[in-house]
Amino acid sequence: AYNKKKKETWGVCIFIVAIDLDEMTFTFTELLKSISLSVCTFFQFLKEVDVNMDTVSTKVDSTVSRLKKKYDVLLALYHKFERTCGLIYLEQPSSEISAELSSVLVLKNYWITFLLAKGKMLQVEDDLVISFQLLLCVLDYFIKLSPPAMLKEPYKSAVTAVTVNGSARTPRRGQNRSTRTSKQIDTDTKVIEILCKEHDCNLDEVKNVYFTSFIPFLNSIGIVASNGLPEVEVLSKQYDELYVKSKDIDARLFLDHDETLQPDVIACSQLERTPVKNNPDEELNLILPQTPVRAAMNNIQQLIMILNSATDKPSDTLIMYFNNCTVNPKDSILKRVESLDHIFKKKFAEAVGPGCAEIGSQVTFCWYKLGVRLYYRVMESMLKSEEERLSVQNFSKLLNDNVFHTSLLACAVEVVMATYGRNASQSDGTSAETDLSFPWILNVFNLKAFDFYKVIESFIKAEPSLTREMIKHLERCEHRIMESLAWQSVS
């Protein structure tokens, strides 16, 4: 017992030092295996070490928080995945089904495919809701490829109906998948509708994940151009590369009920509900509690989804509007964006101080870049609306107005900063939420509060995908301007 405790202590110490020195030459799972500890026990032991020795740095604490979140999400998803597969597939299908299509193989293939899709396509991959929606997309894909004799109702009837209606799906053996075209993916919605209904998920949201994340994943592994998914071993190898690169948890081990991934009793009692996000009254019933960090992560994921197809440069449609102007504003717009980029980075560096210089450069690059994407996207939407309302295409006066552009860009950057701000302040050690909060952006862009105020309503109308939290933040900016900022002597 003494030697075991000593080994565990050394493991925790090695973990702490490796994180602090950026010398993680092993994965978290490999460490757990070597000292025979579960995730939960390791975290508890690390907590005890910190209390007794006061040795855990902010860097280690941040890494542990990320690992905890990732483990909690994966545990919840796997638990739901196992139960859902039990509702979909017969335990003992008829003898006509190949023995190769055993429940163990089915689970392994589906789970590894999901892990790979999640790791490759989700920029905020530890968001429970988006991840579960992606899991439903994976299940939809495989259910349609399954022989009906393997399936329980109502999935059996749905797959049979798809076959009768003419979709090309041939029986498979082992890992040989039939080719699926983009058209089939677009039109065969019966199964995904059943899955969403069974799990109280919003169908439109799941479809959005299907088209923005799952189909690009299929394309990335050559699914449209080849005879179905690669062998499970090939997918597992691709996932192994992601896992080794991240140096965290090997989630394939959930399939083996590996002791390092076994939850504690409290965790087990919280895995009964399907994650949903479309009913705010039910947020408290999620598998994970609605913490400020989780709320912030959801907002970040939504913002990334909004801007996923946007570009850092004016679109062809915007260029058309520019060309229709009496005085083409393109060059001045591009120069202004570049100039304000330099100013933003300089002011941000001054605000966070030299101690956060490295973090600051990464943050400003991300925030401003996303802000510019949102700026162009909203500008295009505004011009389309005005064209419909006024039946004109020449917006030379508006598009050559420096104050309009500066205000619109400031509003876009403010939305990005407000979305990321809470996470930045909690994860990176900066005081972003306090020091960089509105009206900081007005001072950076040398903008009057009332000019900023004038674009807010149009901005909200032009971007219907803004989350409730983003809209509330802009409304708070409006109120603050009208209550105090607009009445200052410089206004």
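**View 1. Salt bridge between Lys 384 and Glu 380 in a predicted model.** The closest N and O atoms of Lys 384 and Glu 380 are 3.1 Å apart; a salt bridge here is a side-chain nitrogen of Lys or Arg within 4 Å of a carboxyl oxygen of Asp or Glu. Both residues belong to helix α16 (residues 357-390) and sit four residues apart, about one turn of the helix. Helices (H or I, at least four residues) are DSSP runs numbered from the N terminus. Lys 384 is partly exposed at 38% relative accessibility, while Glu 380 is buried at 15%. Buried means under 20% relative accessible area, exposed over 50%, and partly exposed in between (1.4 Å probe, protein chains only).

**View 2. Salt bridge between Arg 389 and Glu 386.** This pair also lies in helix α16, three residues apart, about one turn of the helix. The closest N and O atoms are 2.8 Å apart. Arg 389 is exposed, at 58%, and Glu 386 is partly exposed, at 25%.

**View 3. Salt bridge between Lys 345 and Asp 341.** Here the closest N and O atoms are 3.6 Å apart. Because they are four residues apart in helix α15 (residues 330-352), the two are separated by about one helical turn. Lys 345 is partly exposed at 33%; Asp 341 is buried at 18%.

**View 4. Network of salt bridges linking Arg 66, Lys 70 and Asp 248.** The count of salt bridges comes to 14.

**Notes.** Residues are numbered from 1 along each chain as its sequence is written, and side-chain values use heavy atoms, without hydrogens and water. In this predicted model, local features need pLDDT of at least 70 and side-chain atom pairs count only at pLDDT 80 or more, whereas totals for chains, interfaces and linings use all residues.
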